[in-house]
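Hi,

Here is the model I promised you, together with some notes on its two ligands. Have a look at it first, and then read on.

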Amino acid sequence: MTEPLKIGLAGLGTVGRGVVKIIEKNGNDIARKIGRPLKVTAVSARDRTKDRGIDISDYTWFDDPIDLAKTGDIDVFVELMGGEDGPAYEATICALERGLDVVTANKAMIAHHANELATLAESKNASFLYEAAVAGGIPIVKALKESLAGNEIHRVYGILNGTCNYMLTRMQNEGKPFDEILKEAQAEGYAEADPSFDIGGIDAAHKLALLTTLSFGTQTSFKDVYIEGIEAITLTDIMAADDLGYRIKLLGVAVKTPEGIEQRVHPALVPKSSAIGEVSGVTNCVCADGDFVGKVMLVGPGAGEGATASSIIGDIIDTAYENKGHVFTLPAKELTPYVQAPLRAHEGGYYVRLALKDLPGTFAAIATRMAEFGISLESIVQRPVADKITPVKEDEIQPASVVIITHQTTERSVSQALKAIEQDGHIAGEPNMIRIERL
Ligand code: NAP
Ligand code: HSE
């Protein structure tokens, strides 16, 4: 057997630990598969004394990950610290400058620096691999770069954040409040260091920006992703959607249009019985529509120690094969400039939840306003409130929670109708409007 492939691991948290565990458990089998053992030789983290449940005594310790990237006795630098800038970015640049192959799970860093990192890696003939950065354990990057490369991709979309899907599923199944489930997602190691990246839709947008480049061959443009998170979704919404035959999912959608690219991340109602509606827990799914293959859907764990580390190991193995492809589907220099399509107002049905003053004639007034803006209603029902609410004062009337499902209409019409209803004085709180997607 030939020399081991020497790995430098910067970051020994959820994912870094997982990488060490896979090599400890499956190292012999991996060596037989690739004809070369994988060997961690050097590591870096913030706290050398932390109990991580893994033995790191045989590895050379670096206090500074940049030193590790610059001077470590390694063949591949594995960046698992996170953060779009700072030590992760600086160490990655140093490793690539040195001509080392780099493997990372850091979608924030790539979404912000994709074009620069890809250009540098290709100029140094170094691999820059990031399967774990998009949908955790699902091999979608490799699928788009290699297996589906014979197709023109028109649309790529899916459930791209494990934490959000885990939270929405647990709220649905157990009726527990948002904050409690978020703590559980953090304890499971699914959430980002700053969980507002998950629930605010930013993490999904980072991944979508990479999928866009991989699918359409355009330069990465994270700033052009329209983003809404799941912060406004309440138990009342989840239960109402369930009764009406829908699930609420945080979706990421990128579409190639004649005017340019449309990228959006937002919550959506999807039919319960649809394939995407059935994706639950930390599971992600990514769908790609290709001109010859049709629709391909990959489903699997989107976050967590084992799943994410599995993708990291897959990339490390690729570096051992020395199969230096492009960082994206096209060489970095040939990626076309990103052109933003005007965000097409979603045309379809809408779910609207209103806190209405519970007075006679209010329903009729709402229906009339909706009709004035050409909106036809599929249903309008008063719902029990499933969330804890602040009690109103004794002399005030408790607002009623009313859920409206519209037939196909435009976002503009719904917004205008809601504004008029608000001006009529019927609404007691912020309306919540969620798009209905039939993907
Ligand atoms: P984590 O558990 O917070 O671990 C981060 C690690 O980086 C820790 O070991 C930390 O050291 C180390 N670190 C942070 N700043 C450092 C610095 N300045 N110098 C040296 N070491 C430093 O994070 P994670 O969940 O493993 O995520 C790592 C990366 O993978 C992120 O980019 C994340 O977005 C991505 N990712 C995570 C998942 C997931 O499910 N967790 C899935 C896909 C992608 P200490 O341990 O000493 O504090
Ligand atoms: N925080 C991310 C998620 C990790 O929950 O999907 C995987 O990228």
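This is a predicted model: local features need pLDDT of at least 70, side-chain atom pairs count only at pLDDT 80 or more; totals for chains, interfaces and linings use all residues.

A word on classes before the ligands: Ala, Val, Leu, Ile, Met, Phe, Trp, Tyr, Cys and Pro count here as nonpolar, Asp, Glu, Lys and Arg as charged, and the others, Gly among them, as polar.

Which residues surround ligand 2? They are Lys107, Asn161, Gly162, Thr163, Tyr190, Ala191, Glu192, Asp198, Asp203, Lys207, Gly302 and Ala303. A polar atom in the side chain of Thr163 is 2.6 Å from an oxygen atom of ligand 2, and for Gly162 a backbone N or O atom lies 2.7 Å from a ligand oxygen. Asn161 takes part through its side chain, with an N or O atom 3.4 Å from an oxygen atom of ligand 2. On its own, ligand 2 has 250 Å² of accessible area, and the protein covers 95% of this. Two elements, α6 (162-174) and α9 (202-216), each give two or more residues to the shell around ligand 2.

Now for ligand 1. Its surroundings comprise 25 residues, and the closest are Leu12, Asp47, Arg52, Glu192 and Gly304. By class, the shell around ligand 1 divides into 10 nonpolar, 9 polar and 6 charged residues. Glu192 is also listed among the residues around ligand 2.

The polar contacts I would show you for ligand 1 involve the protein backbone. A polar backbone atom of Gly304 is 2.7 Å from an oxygen atom of ligand 1. For Leu12, a backbone N or O atom lies 2.8 Å from a ligand oxygen, and for Gly13 the distance from a polar backbone atom to an oxygen atom of ligand 1 is 3.0 Å. Of the 900 Å² of accessible area that ligand 1 has on its own, the protein covers 85%.

Where do the ligands sit?

Finally, the overall layout. The domain assignment gives domain 1 (5-104), domain 2 (140-302 + 327-334) and domain 3 (347-436). Taken over C-alpha atoms, the centres of domain 1 and domain 2 are 28 Å apart.

Best wishes

Note on methods:
Residues are numbered from 1 along each chain as its sequence is written. Chains are lettered from A and ligands numbered from 1 in the order in which they are written. Side-chain values use heavy atoms; hydrogens and water are left out. Domain bounds come from an automatic or database domain assignment. A residue is near a molecule or strand if one of its heavy atoms lies within 4 Å of it. A polar contact is a pair of N or O atoms within 3.5 Å; within protein, one must be able to donate a hydrogen and the other to accept it, and residues adjacent in sequence count only if both atoms are side-chain atoms. Accessible areas come from the Shrake-Rupley method with a 1.4 Å probe; for residues, only the protein chains shown count as cover. Helices (H or I, at least four residues) and strands (E, at least two) are DSSP runs, numbered from the N terminus.
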